Every structure is written in C-alpha cells, then in structure tokens.
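Open the model in your viewer and keep the sequence panel beside it. We will go stop by stop, with a selection for each.

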Amino acid sequence: MTKPLLERQVSLIAHLTSGAAIFSRGGDPAPGLEGIDPALLRVEAQFSYAKRMEKITAVLPKTFELLGSGKEALVRAFVESCPPATLSRLENARQFHRFLLSRWLHEEPDPPYMRDVAACEIACAEVDTDPEQYQADRANAEGAHRSAVRRSPNVVLLRCAYDVRSIFEAPLPNPPSLAGDGRVGAVPAKRDTPLVIAMPPGADGPQVLEVLPAIFDLLAALDDWTDAAPTSEGAEFAKLLANLAAHGLIEVRR
Amino acid sequence: MRATVGVPAVGIGFRAAIDDWTRENLDRFEVLEITVDHCLATSRSLRASIFDLVGRIPLTAHGVGLSLGTDAPLDLAYLDDVAAVVERLRAPAYSEHLAFTRVPGRETAALLPLPKTEKVAESIIAKVRTVQSRVPVPFLLENITYVFEWPDSKMSDAEFLNLICDETGAGLLLDVENVYLNATNHRFDPYAFIDALRPGLVKEVHMAGGVTIKDESLAKPLLADSHSHPVPDAALDLLAYTLARQEPSVIILERDDRLEAGDEILDDVARIRARVVAARPRKTHDQALVGAAG
C-alpha cells in the first residue's frame, strides 16, 4: 500500500536536502523513494542546493570571498547540519551566519576580521528588509508622547574588533561565488570600531558608518521612545538629535 | 512599445538584477510579470522599485512560495499577503505552480512534481478553491518541468491539469518550455499535450531557454529549465502551435541567469512577438488583459 502523500513528500525533501544526495555519487535508492531513479534525484538535489547557496552568497558575498580554500568543506558541513527551512534569502543567510558563529566558538575565523565582515553583511541585509514592519513600528509611534526620540527600527549597531569599512568599499567579483580566493580589499586595522549600519534618507542601499563611541552608546540606549525634553545642554543636544535624524539614525516625535 | 491591436501582450519577468536595464527598455515590452514573493519580506528597495512600475506598464502577478501541492493546509496568512500585493500591483490574475516546494519545517527551492492521481487532484482542487476564495483575481495554475516522476502516477500531464482546472475554473499558465523539456526528457509528444488541453484553458504563457545536463550517471542527457539561454526554436514552434489553438492574453519570457545578455533577451522577445504576430489576430491588448482577469 502506498504511504500517505505527506510522508512521501517529507522523505523526498529530506533526501533532496541531504549531503548524501547533493555531494555523493552513490546509486542506492533513497529510503521511502523506491521506484525513483537516484541519479535523477541527485540532479534535483543539486538544483535545489545551487539555488540555496546562490541566496546565501548574495547576502554574504564578502564573507564567502574571505572563506578561501576551506569553504567547500565548510559549506558541506553546513548543508549536512542545517537543512533549509525557508525560501527567504535573508533567513538562509542568517542560518549560515549562525553556523559560522557556532564554528567560531571553537576555532578563530581566518582571517580574524571575517567575524565582523559577516556581521556587517547580515546587518546590511536586515536594514534593507521588512519595511512593512518598519511602517507598522512608525504607526505604533503615533501613541508616543510628545518630544520623544528613539533609534530608527532599521538601524543596526555593531561594536567591531576591526575597522572593516575598507572591506565594504572594495569591489567584489561579479558575481560573488563559492570559488573566491579569500582576498577581499585591504586588510582592516584591529581597533575597537563602533559601527552603525543604516539606510540614510536618499541612499541607494545600506551604509556602514563609524560613529563616536558616545553616539554609539546614545543610539544603543534609545531602544524605545524616550523623552527628548530640553536639557541643560539645550541647543547643542537638539542639534545633535537633528543631525542623527537627518541621517535616518533616530526618529523624532514632536 | 505600444500594444498592437489583436495580439497578446509580450513581456518579461521582472528581475531586480536588471531593474535599470528593464526601465531603459520598458517600451520594448507590453507587460511585466512580477513575482509576488519579491514583494514580501524582501529588500525595501526592491519592493519600492516594483511598486514604482504600477501604472507605467501592465503587470501580472506570479508566485513561487505557496507550495500548493504540499499535503498539508495552505498558509492562509501568506495568501492574504499575496492578495494585498496583487491588489497593489493591479494585476488581472495570479498564477502559481502545480507543485510543492516544502514540507513542515523544511523547504527546498525546487518545484517538485506531484503523483498524478485522482486522489491528489481532489486535494489540489480543494486548495485551489481556497486560493480563489482569498485572492480576488482569477487564479492560474502553471505546469512545471520535472526531473523525475512518482511511480504511482496514473494520469498524463494534460489529464491532470484538465481535471483540476475544469473542476475549479482555474485557468492555465502554460509554460511552453516546460512542455518541451518534459516531452524530451520523458519521451512524450508535446503537440499531443497541447491538443489535449481544453480550448480556452490557456490564459498566459511562459517561454524560456535552458541547458543540457550531461552526467555519466544519467541514462541520457537531461534538458534543464535554467532560464539562462535563448528560447530554442523547437519551443517557439510549440508556441506557434499553441497560439493556433489557444488564446493566451499574456506571454512572458522568463530569464534568471546570464541576465547581462540583454541583447539575447530582446532578441527572444522579438522572436516570440514574430510568432505571435503570425498567429491569427484576436483581441486588443486591453481586452486581452481583461480576458486574463475573466
């Protein structure tokens, strides 16, 4: 008797997203998929794998270039331990990023600034995503009291160990690929670097900006709507807030 | 390019990577197809760019994220999001694949085939009705290309599609390239497939060009629907044959790879349009788009 369709669909997708189907050349029938040519399933698995990796490299192009010669083994380990859970480009990239972070708990990334580069790339994708949520947040702000400020919801703060801004100014191979040589732009200097990833008004895409530590701390503190009533600093503080608002880093309710 | 009276609208699937190029060449197309999923949980710049096209050129809506064929309840929240996007695009129809891409907890980007049986058709019919109840424009099903077949499939591709479309009133987005690939890979007559489709069923058409995969483990080379190369002449011949029997109102060239080859894309559009013009005159473009909606 034929198994229920969902059960067979589960078996099929489990097989197609497995390392065995994608990377091996074995010809054994997949469990639960008897009667289907394993060679054809391998082709299907490789199509699916290629699409997924295309999404991930689109979000993390510079990270992939930095992964260098070890990336094939790394990607294989990722595929075998982290099956795809969504079609979303950002979610697949986040999944790969989480995988990298778990690896870096046990071994330092090489080069060491790759951790900061990956975090910046994920942040860039995040600030350019979910505008509807952003709009909803703005709508919720209608209830906020007067003269309040908060950090813009689509701003990400990153305290980096390296000044990786030079990496983001370097040209990328086009298209980014799994076959990069591990070199991306100039080697960044090691220094504590407070970065803001934001989409300033009028910008074509997300930008990676360095800010003064005090500004970074101020932005970090503005998680929620905060009273912005005049203080003893008065005009200077108002000027600062206006400047931050002009760059899209905070929202101001008057 | 202005629509020519009496022929269906010809255009391309909008792709972010060639956004600027598409705008520069907008007058070469009479319609653009928007992938609704590109308007959901995506880059806000992409979404803004897509909605900026509304009113500049007719848009039709296509989906890849429904997974209609998964043997589990449909994602109704997703469908409601689709309905909102379709309304905002002012699209006359919404199309999705007769396929599945996921099971609970796991998603593959591949469009996978279903066993072609009456029991599976019954399940799909119920789901199509759900889609029709939540998305307020006509729903079109697209035939997919498939690498493998389920061993318990009992019906032909055309029988399966006719059954579901007849029971639900859904139209067909006929992917001519997929018919050509499937016929070659699985050895059936593509012209017999076209003949078997009920007259009036085909509302929109997809065209594309793929590659041949040669692998020692495969019994024979496999044609793959990579949307990367010029439309083969054999697929254009099949389009001409289709146009003599069906009255699609929209024909879309799909291209997802080698997008830098803009001249190839424009040449394919011209080759498609030549086949369209050679077919018998029909409705005006405006009437055609309304036809897709009705």
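Helices (H or I, at least four residues) and strands (E, at least two) are DSSP runs, numbered from the N terminus. This is a predicted model, where local features need pLDDT of at least 70, side-chain atom pairs count only at pLDDT 80 or more, and totals for chains, interfaces and linings use all residues. Residues are numbered from 1 along each chain as its sequence is written, while chains are lettered from A and ligands numbered from 1 in the order in which they are written.

**Stop 1: the barrel.** Select chain B. Eight strands form a closed barrel with parallel pairing, in the order S1-S2-S3-S4-S7-S8-S9-S12. Two strands pair if DSSP finds at least two bridges between them. Neighbouring strands of this sheet are turned by 30° against each other on average, direction ignored.

Stop 2: Select residues 171–175 and 202–207 of chain B. These are S8 and S9, parallel and joined by four bridges. B:Leu173 faces B:Glu204 of S9(B). Axes are lines fitted to C-alpha atoms, for helices over the stretch in contact, and angles run from 0 to 180 degrees between N-to-C directions. Contact means that C-beta atoms, placed from the backbone, lie within 7 Å.

**Stop 3: between the chains.** Show both chains. Chain A gives 36 residues to the contact and chain B gives 30. On the chain A side, helices H1 (5–16) and H3 (38–59) each give two or more residues. H3(A) supplies the largest share, 10 residues.

How values were computed:
Two residues are in contact if their C-beta atoms, placed from the backbone, lie within 7 Å.
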